[in-house]
Amino acid sequence: MTFARGNVHSGSASAHFVLVPMMAQGHTIPMTDMARLLAQHGAQVSFVTTPVNASRLAGFIADVEAAGLAIRFVELHFPATEFGLPDGCENLDLIQAKGLFLNFMEACAALREPLMAHLREQHQLSPPSCIISDMMHWWTGDIARELGIPRLTFIGFCGFSSLVSYIINRDKVLEQVTDENELITIQGFPTPLELTRHQCPGSLSFPGVEEIRDKIYEEELRCDGEVINSFRELETLYIESFEQMTRRKVWTVGPMCLCHRDSNTVAARGNKASMDEAQCLKLLDSMKPGSVIFVSFGSLAATTPQQLVELGLGLEASKKPFIWVIKAGPKSPEVEEWLADGFEERVKDRRMIIRGWAPQVMILWHQAIGGFMTHCGWNSTIEGIYMATLSRAVFE
């Protein structure tokens, strides 16, 4: 069963893009930016989501509706319990055990028939022109071929990593490695590169994951092109090498976060913030330009309690104001105990600790931010690059 809402105008001859993001914050957020960009250029967009993920996108949905953009949000029932997942486990950050990743991917693949049925229902009203889906949604290739339309793969990381991943899958590099500490030479890469197994994309290993990985790679070979949230000036050599090696067109459309022009749309990206955005801006406005350290390690990166405590002590010793996004709470009672045992009191005049989701771009783009400590996920990296250019313009 599907539920659709939005402003797609019937009878229009404009292109109609179907966007299918991976249910993970770092994958979904840039695709919301992509949806906005396409709609702002006159295209119609169907944005595929699930109830839990749609609730996280409430701010974005409201902003789109207020702007009158031609974006329809298609909510598909996510079969979590049918695939051995807890009810409501509809996002990668809700998976409690690594062994459930395969269950999650199989539940995603089960969305094929409901999505196909929805697109067939909409065919007379507004036939889709193209599917852009996350590379992990290999099953959307079947839908595109059945409808006779192109399928573009959205890659949520940079051209450098995309090229490494392609070579590793093509040459089945990891199948030849037995020593975890062995340095692997990536043959055919345009610059010398050696990695250990754990540093390689696709090193995650548990029963059944190889089959999923093979399907993703096979569909990548069959897709009609790649969309990357990067820009050629940043990594020209790797983008061009990727195109030459795969013989496919690559669209570098990033940084897509630049589609936002005011603080309201920036704050609406991703999940609902777990703090008062106005309070955060008030703190930043009170600080000198370039004086605040922003610390955030994304929604999936795992950090041990000991590492968090050491990081907190470092922030305290720096004597600098900071905003720290931290995954503590009930999942890490020892960290909460440490925070309450004098730390928050000692730094209360120069800090904000955010437990949960934070409007990262809104914070990064404020002139008070002078440093960004990150897990180096690609979204954070490219947002940080743009933050650095803004800071340079401010100080020059």
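Before you click on anything, one term: a residue counts as buried when its relative accessible area is under 20%. Also keep in mind that this is a predicted model.

**Stop 1: two phenylalanines**

Select Phe-60 and Phe-73, which are both buried. Their ring centres sit 5.6 Å apart and the planes meet at 85 degrees; planes over 60 degrees apart count as edge-to-face, so that is what this pair is. Now colour by secondary structure: Phe-60 belongs to helix H3 (residues 58-67) and Phe-73 to strand E4 (residues 71-76), so the pair links distant parts of the chain, 13 residues apart.

**Stop 2: a tilted pair**

Next, select Phe-78 and Phe-104. These two make a tilted aromatic pair, with 5.4 Å from centre to centre and 40 degrees between the planes. Phe-78 is in the loop between E4 and helix H4 (101-109), while Phe-104 is in helix H4 itself, so the pair ties together parts that are 26 residues apart in sequence.

**Stop 3**

How many aromatic pairs does the structure hold? There are 13. For a group of rings, select Phe-322, Trp-324, Trp-338 and Phe-343, which form one aromatic cluster.

**Stop 4: around strand E10**

Jump to Trp-251 and show Lys-249 along with it. Lys-249 lies over the face of Trp-251, 5.7 Å from the ring centre.

Then step back to Arg-247, in the loop between helix H9 (236-246) and E10. Arg-247 is not a glycine, yet its phi is positive, near 60 degrees. Is Arg-247 buried or exposed? Its relative accessible area is 77%, so Arg-247 is exposed.

Pro-255 is in the loop between strand E10 (250-252) and helix H10 (263-267).

**Stop 5: another positive phi**

Finish at Lys-172, in the loop between helix H7 (159-170) and strand E7 (184-185). Here, too, you'll find a positive phi in a residue that is not a glycine, about 50 degrees. With a relative accessible area of 39%, Lys-172 is partly exposed.

Technical notes
Residues numbered from 1 in each chain as written. Predicted model: local features only at pLDDT ≥ 70, side-chain atom pairs only at ≥ 80, totals over all residues. Heavy atoms only, no water. Helix = DSSP H or I, 4+ residues; strand = E, 2+ residues; numbered from the N terminus. Buried < 20%, exposed > 50% of the residue type's maximum accessible area, 1.4 Å probe, protein only. Phe/Tyr/Trp six-rings, centres within 6.5 Å; stacked < 30°, edge-to-face > 60°. Lys NZ or Arg CZ within 6 Å of the ring centre and 35° of its normal.
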